[in-house]
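Work through the exercises below with the coordinates open. Try each task before reading its solution.

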Amino acid sequence: MVQFYTEGKPVADKLAAIKWKGKREQFMSENENALRLYHMAERKLKPHFKEGKLPITAWRRERDRLEQEYNTGQVELSPIHAEVKKLWQIKYKVEQVIHEQERQNAVTRKKKQEIEH
């Protein structure tokens, strides 16, 4: 969002400086995408403005802090994930064996029924 805002701000300022209707419409059509993204970002970011500026440094610090917490959590969860992965593999193998046994039991039951008739 901030990137759309910072990239579109000069375009919007230049548009505001153009007074002639024809040139203004031509400029708008040439830069339609950048202006659309800028206005969308401006609407979304408007509640976050403090003293006319965005608190980008505070956001970056918070992002860095959250990334550090995430990485710490990943380090803690990595061994647990490995264990769970092994358990899922065991579960899969057990289900395969059970399925095979059920299939063999069905075959033997069918043979017994054929012999009895």
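**Exercise 1. An aromatic residue**

Does Tyr-5 count as buried or exposed, and at what relative accessibility?

Solution. The model is a predicted one. The cut-off for buried is under 20% relative accessible area. Tyr-5 has 12% relative accessibility, so Tyr-5 counts as buried.

**Exercise 2. Its ring partner**

Find the geometry of the aromatic pair formed by Tyr-5 and Phe-49. Then place both residues in the chain.

Solution. Begin with the total: the structure holds two aromatic pairs. For Tyr-5 and Phe-49, the centres are 5.6 Å apart and the planes make an angle of 65°. Planes over 60 degrees apart count as edge-to-face, and this pair is edge-to-face. Next, the positions. Tyr-5 sits in helix H1, and Phe-49 is in the loop between helix H3 (32–45) and H4, so the pair ties together parts 44 residues apart in sequence. Phe-49 has 25% relative accessibility and counts as partly exposed.

**Exercise 3. Salt bridges along the helices**

Work out how many salt bridges there are. Then describe the pairs Lys-9 with Asp-13, Lys-91 with Glu-95 and Glu-100 with Arg-103.

Solution. The cut-off is a side-chain nitrogen of Lys or Arg within 4 Å of a carboxyl oxygen of Asp or Glu. By this rule there are six salt bridges.

- Lys-9 and Asp-13: the N to O distance is 3.3 Å. Both residues lie in helix H1 (residues 2–17), four residues apart, about one turn of the helix. Lys-9 is partly exposed at 32%, and Asp-13 is partly exposed at 42%.
- Lys-91 and Glu-95: the closest N and O atoms are 2.6 Å apart. Both are in helix H4, with a spacing of four residues, about one turn of the helix. The relative accessible area is 39% for Lys-91 and 40% for Glu-95.
- Glu-100 and Arg-103: the N to O distance is 2.6 Å. Both belong to helix H4, three residues apart, about one turn of the helix. Glu-100 is partly exposed at 31%; Arg-103 is partly exposed at 43%. Elsewhere, salt bridges that share partners join Arg-63, Asp-64 and Glu-67 into one network.

**Exercise 4. A nonpolar patch**

Which residues make the nonpolar surface patch, and what is its area?

Solution. Leu-77, Ile-80, Val-84 and Trp-88 make the patch, which covers about 410 Å². Take Leu-77 as a check. Leu-77 is found in helix H4 (residues 56–116). A patch residue needs over 30% relative accessible area. Leu-77 has 48% and is partly exposed.

**Exercise 5. The whole chain**

Solution. First, the elements: the chain has four helices and zero strands. Their order from the N terminus is α-α-α-α. Then the extents: the C-alpha trace spans about 100 × 40 × 20 Å along its principal axes. Now the surface. Of the 117 residues, 11% count as buried. The chain exposes about 10500 Å², and carbon and sulfur atoms supply 56% of that area. Finally, the contacts: among those between residues at least 6 apart in sequence, 57% join residues at least 24 apart.

Key. Residues are numbered from 1 along each chain as its sequence is written. This is a predicted model: local features need pLDDT of at least 70, side-chain atom pairs count only at pLDDT 80 or more; totals for chains, interfaces and linings use all residues. Side-chain values use heavy atoms; hydrogens and water are left out. Patches are made of residues with over 30% relative accessible area and no salt bridge: like charges are joined within 9 Å, nonpolar side chains (Val, Leu, Ile, Met, Phe, Trp, Tyr) within 5 Å. Accessible areas come from the Shrake-Rupley method with a 1.4 Å probe; for residues, only the protein chains shown count as cover. Helices (H or I, at least four residues) and strands (E, at least two) are DSSP runs, numbered from the N terminus. Buried means under 20% relative accessible area, exposed over 50%, partly exposed in between (1.4 Å probe, protein chains only). Rings of Phe, Tyr and Trp (its six-membered ring) pair if their centres lie within 6.5 Å; planes under 30 degrees apart count as stacked, over 60 as edge-to-face and the rest as tilted. Contact means heavy atoms within 4.5 Å.
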